[in-house]
Amino acid sequence: MTGLGDLAALLDAVTEAQAATTEGSMPATLLLLSLEGFKDIKNSVGHAAADRVLVTVGDRIKSAVRTHDVVARLGGDEFAVLLPATPLSRATAVGHQILAALEPTVDVGTGGVRCGVSMGLRAAEPHHSAEDLLLEADMAMEASRNEGRNKLKTFDPATLHERQLHRQMVAELREAIAGDQLVLYYQPIIELATGRLEGTEALVRWKHPEHGLIMPDRFIPIAEESGLIAELGRWVLRESVEQLRRWRQDPATVHHDFTMQINVSAADLQSLAFVDDVREALAASGLAPESLILELTESAIIQNDELDRYTLMSLRRLGVGLEIDDFGTGYSSMGYLRKLPVDRVKVDRQFVRELGEDPSQLAVVAAILQLIRACGLDGIWEGVETAEQAAALRSIGCTTGQGYYFGRPVPAQEFTATLARQRFWLV
Ligand code: C2E
Ligand code: CA
Ligand code: CA
């Protein structure tokens with residue numbers, strides 16, 4: 001369609017250029033670029049017009065380079081340019097020329113479209129195979145993507161090391177999930193009017209054999225990126241439900257409507273299997289679906305395409321509780337709140353933090369509470385660290401709180417010991 005070579009042609013050209021490079025001669029340089037937001041463009045203008053964009057992009061790249069440079073399309077919206085025997089300064093200049101050539105909008109009949117471009121540059125080293133060179137150009141392109149649009153990034157060898165560390169962490173995390181290195185800590189959730197224990201939130205930690213206890217903020221993002229999150233989520237689900245079953249079996253520990261809250265990642269919502277996992281975990285434990293509450297962040301729900309919505313609806317039908325987590329950060333879709341299929345909103349701890357520091361903050365919290373109530377929902381307030389904060393929340397009618405003031409997250413055994421001692425908390 002674009003009349004350009006494909007991946008195989010590019011790899012051949014690199015191999016050839018590498019063979020032609022002798023000691024002291026100029027190395028070849030590979031430029032790799034991808035069109036950002038091309039998928040959205042395709043969705044909005046249709047396939048035929050999107051193909052025209054690709055053809056135009058190919059033509060513009062060709063017109064910005066010399067005839068013996070090799071331009072290829074690697075599939076999708078990715079293009080590559082191989083500049084044989086080219087000094088780095090010249091290759092960089094060509095890269096910028098291409099970026100400039102792609103700047104003007106492309107006419108698709110119904111109007112003009114413009115794509116952002118991520119571009120990576122890697123000069124070949126004598127040891128490079130074609131695949132290695134492509135991989136490192138790709139890493140540079142990734143760096144460009146992370147920095148925002150239309151920037152040319154040159155490969156930085158430090159990223160190789162980082163990538164190595166990252167790979168190692170992914171491998172270790174995979175083992176951790178399969179082995180028994182993950183643990184759940186439990187934090188009490190308290191009814192503010194009475195001090196009664198309502199339930200607990202399960203928070204995952206990684207007991208690393210060398211590095212000790214690793215907090216979720218450090219490994220959840222890696223699990224999400226690497227696709228391990230589904231397995232991690234399944235483990236959390238099973239373990240937390242099983243723990244709840246154990247507590248329920250012993251009436252000396254928890255009352256019959258004590259609930260378990262777990263954190264669910266956006267990726268989990270995108271998997272149809274997740275609903276089955278929840279159903280199975282509940283069935284295996286014999287617990288009522290209402291005993292389990294899933295915490296989802298706003299962004300996870302709002303990102304939702306149809307599949308997510310379907311998953312949410314299926315979870316609803318299953319009867320588990322659904323709660324928005326970290327409300328007030330990110331999108332804060334006030335108007336949207338009413339339409340979301342959730343039961344409760346957990347307000348981000350930043351709002352409670354400022355209680356007691358700034359007198360006007362109580363009015364802000366009261367307003368948020370009113371908003372949540374107006375949407376037919378209830379709020380839960382996290383990050384309660386002091387008696388003053390707890391009292392302030394109570395004074396304006398907040399029903400539920402969670403935070404270090406009531407208790408830090410602790411391992412199951414410790415939580416059990418607390419349950420044996422007390423059923424009520426000082427508010
Ligand atoms: P989150 O869901 O907002 O969890 C609350 C975090 O605030 C927890 O940190 C908790 O230890 C901490 N916290 C509780 N009370 C207080 C307080 O009074 N003051 C302060 N400053 N902090 C308090 P943690 O355990 O490090 O978890 C961090 C995040 O990791 C969680 O934020 C959640 O987004 C994620 N996470 C934790 N466990 C899981 C899990 O099993 N699955 C997934 N997908 N994410 C998880
Ligand atoms: Ca949470
Ligand atoms: Ca939260």
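Modeller: A salt bridge here is a side-chain nitrogen of Lys or Arg within 4 Å of a carboxyl oxygen of Asp or Glu. Keep in mind that the model is predicted.

Take the pair Arg145 and Glu36. Their closest N and O atoms are 2.9 Å apart, and the two form a salt bridge. Arg145 sits in helix H5, residues 130-147, while Glu36 belongs to strand E1, residues 29-36, so the bridge ties together parts that are 109 residues apart in sequence. How exposed is each partner? Arg145 is partly exposed, at 30% relative accessibility. Glu36 is buried, with a relative accessible area of 15%. The cut-off matters here: Glu36 counts as buried because buried means under 20% relative accessible area.

Arg122 and Glu136 meet in a salt bridge, with 2.7 Å from N to O. Arg122 lies in strand E6, residues 116-123, and Glu136 lies in helix H5, so this pair ties together parts 14 residues apart in sequence. Both Arg122 and Glu136 are buried. Helix H5 is thus tied to strand E1 through Arg145 and Glu36, and to strand E6 through Arg122 and Glu136.

Glu147 is partly exposed, with a relative accessible area of 43%. Lys153 is also partly exposed, at 22% relative accessibility. Elsewhere, salt bridges with shared partners join Glu239, Glu242, Arg245 and Arg246 into one network. The count of salt bridges comes to 19.

The domain assignment gives domain 1 as residues 7-155 and domain 2 as residues 167-421. Over C-alpha atoms, the centres of domain 1 and domain 2 are 44 Å apart. The C-alpha trace of the chain spans about 80 × 50 × 45 Å along its principal axes. The chain has 17 helices and 17 strands. Of its 427 residues, 47% count as buried. Among contacts with a separation of 6 or more, 69% are between residues 24 or more positions apart. The accessible surface is about 20400 Å², and carbon and sulfur atoms account for 52% of that.

Next, the calcium ions. The calcium ion (ligand 2) is coordinated by Glu201 (OE), Asn263 (OD1), Glu295 (OE) and Asp325 (OD), at 2.1 to 2.4 Å. The spacing of these donor residues in sequence is E-x61-N-x31-E-x29-D. Glu201 lies in strand E9, residues 197-208, and Asn263 in strand E11, residues 259-264, so this pair ties together parts that are 62 residues apart in sequence. Glu201 is buried, at 4% relative accessibility. Asn263 is partly exposed, with a relative accessible area of 33%.

The calcium ion (ligand 3) is coordinated by Asp325 (OD), Asp326 (OD), Glu382 (OE) and Glu382 (OE), at 2.1 to 3.0 Å. The donor spacing is D-D-x55-E. Which residue bridges the calcium ion (ligand 3) and the calcium ion (ligand 2)? Asp325 does, and the ions lie 4.1 Å apart. Asp325 is buried, with a relative accessible area of 8%. Asp326 is partly exposed, at 26% relative accessibility.

Last, helix H16, residues 387-395. The buried residues of H16 are Gln389, Ala390, Ala392 and Leu393. Seen down the axis of H16, these buried residues fall within an arc of 165°, so they line one face of the helix. Glu388 and Ser395 are exposed on the other side. The cover over the buried residues of H16 includes helix H14 (349-353), helix H15 (361-374) and strand E15 (378-382). Just after H16, Gly397 takes a positive phi of about 90°.

Notes: Residues numbered from 1 in each chain as written. Chains lettered and ligands numbered in written order. Predicted model: local features only at pLDDT ≥ 70, side-chain atom pairs only at ≥ 80, totals over all residues. Heavy atoms only, no water. Donors = N, O, S within 2.8 Å, 3.2 Å for Na, K, Ca; no water. Buried < 20%, exposed > 50% of the residue type's maximum accessible area, 1.4 Å probe, protein only. Domains from an automatic or database assignment. Helix = DSSP H or I, 4+ residues; strand = E, 2+ residues; numbered from the N terminus. Arc of directions from axis to C-beta. Contact = heavy atoms within 4.5 Å. Areas by Shrake-Rupley, 256 points an atom, 1.4 Å probe, with all protein chains shown as cover.
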